[in-house]
Amino acid sequence: MTILPVIPTSPDQPDAVPTRRRPSMPPRHLADLDLAARKAAVTTLGEPAFRAKQLSTHYFGRLVRDIDEMTDLPAASRARLTDDLLPTLLTPVRELACDDGATRKTLWRLHDGALVESVLMGYPDRVTACVSSQAGCGMACPFCATGQQGLTRNLSIAEIVDQVVYLAGVAASGAVTGSPPRLSRVVFMGMGEPLANYPRVIEAVRRLTAPAPEGLGLSQRHITVSTVGLVPAMRRLIAEELNVTLALSLHAPDDDLRDELVPVNQRWKVAEVLDAAFDYAARTGRRISIEYALIRDVNDQPWRADLLGRILRGKLAHVNLIPLNPTPGSKWDASPKPVEREFVHRLRAAGVATTVRDTRGREIDGACGQLAAGELTEAGAGGAADAEVAR
């Protein structure tokens with residue numbers, strides 16, 4: 001494991017943990033606005049309308065987040081524009097790398113003290129950013145580190161987008177070993193339930209896929225939005241006419257077990273959730289990704305593989321099996337490899353496309369929410385030095 005520099009949380013007391021403030025949404029940021037709204041904002045500040053395009057070109061086109069590096073802007077304009085359109089949204093608390101630099105995880109502190117995480121994953125043919133949409137999560141899935149923290153608040157459009165712009169800049173710097181220098185994919189699989197923050201997530205997707213300088217210019221087909229199965233929001237997504245991939249965190253094919261593993265299933269049962277997913281696939285022509293965390297002696301039985309195969313046979317769906325990344329002190333553990341292989345075999349025998357997700361970041365608390373949970377535990381215990389925790 002490579003330990004990247006630890007960023008002090010306070011310049012005067014490097015190891016101090018700031019007092020958490022009451023959750024609140026951040027100030028307005030350039031990325032919250034479309035290009036027309038940015039023009040209106042800069043003219044209200046007494047700047048010419050073309051400043052909006054300048055700012056946008058720097059931020060989305062050149063991945064510059066620090067206005068002091070935008071040297072074609074007059075110095076007198078920078079302070080006004082910083083305060084109103086480029087406030088600091090994310091402050092890095094901890095950055096770790098593993099897999100020979102191909103996986104990099106960042107823990108961020110937001111303006112109100114809330115914590116979120118994002119991950120950059122490099123492959124020979126692509127670079128993927130995994131971003132958070134909420135601070136914490138209200139879905140209460142018992143095997144998930146984030147789910148056990150509860151929900152602090154939704155992220156703003158710009159807090160979501162700023163994670164991606166930062167990670168795109170890391171990729172562009174060549175820091176991701178053995179990968180292209182351009183970020184090409186974004187998955188909303190970090191902290192939070194994306195469809196529980198629906199309006200902001202959808203606007204963030206539009207910002208990420210709008211051509212530069214209005215947005216980052218990513219392909220909609222390279223964006224994945226995950227959900228535990230919020231059926232009304234899934235059906236709302238069908239009407240958006242987006243071509244993003246929908247990933248459904250299923251984790252069990254039967255209601256009895258899914259009621260326990262994914263508590264929202266007590267409201268929308270497996271059949272109803274899958275109906276909404278298949279309707280999305282029919283409208284977009286995009287294959288649904290069925291996310292299934294294999295948990296030892298819980299949901300990995302051969303009969304559950306057979307049931308899942310029967311449910312998905314002939315559907316526009318793909319199963320993404322996830323070896324569980326256990327969290328400290330958790331009773332949940334990953335299925336043994338022979339059990340995993342049998343599960344895969346049975347699904348494929350049923351004609352269902354199945355892959356096993358590449359395991360990344362175990363030595364840097366790779367499971368969603370683990371760094372944030374560790375930071376909160378540390379704060380509650382009075383705070384140990386970040387560097388000691390990183391070691």
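Let me start with Glu117, which lies in strand β4, residues 115–123, where strands are DSSP runs of E of at least two residues, helices are runs of H or I of at least four, and both are numbered from the N terminus. This is a predicted model, in which local features need pLDDT of at least 70 and side-chain atom pairs count only at pLDDT 80 or more, while totals for chains, interfaces and linings use all residues. Residues are numbered from 1 along each chain as its sequence is written, and side-chain values use heavy atoms, leaving out hydrogens and water.

Glu117 counts as buried because its relative accessibility is 3%, buried being under 20% relative accessible area with a 1.4 Å probe and protein chains only. Its side chain makes a polar contact with the side chain of Lys105 at 2.9 Å, that is, a pair of N or O atoms within 3.5 Å, one able to donate a hydrogen and the other to accept it. According to the unreviewed UniProt entry, the annotation "active site" covers Glu117 and Cys368, although such annotations may be inferred rather than shown by experiment.

Turning to the helices, α6 (residues 231–238) has Val231, Ala233, Met234, Leu237 and Ile238 buried. These residues lie on the same side of α6 because they cover an arc of only 160° around the axis, taken from the directions from the helix axis to the C-beta atoms. Among the elements covering them are α5, β9, β10 and α8, with contact meaning heavy atoms within 4.5 Å.

In α9, residues 302–312, the buried residues include Leu307, Leu308 and Leu312, and the buried residues of this helix pack against α7, α8, β11, β12 and α10. Just after α9, Gly314 takes a positive phi of about 80°.

Note on methods:
Buried means under 20% relative accessible area, exposed over 50%, partly exposed in between (1.4 Å probe, protein chains only).
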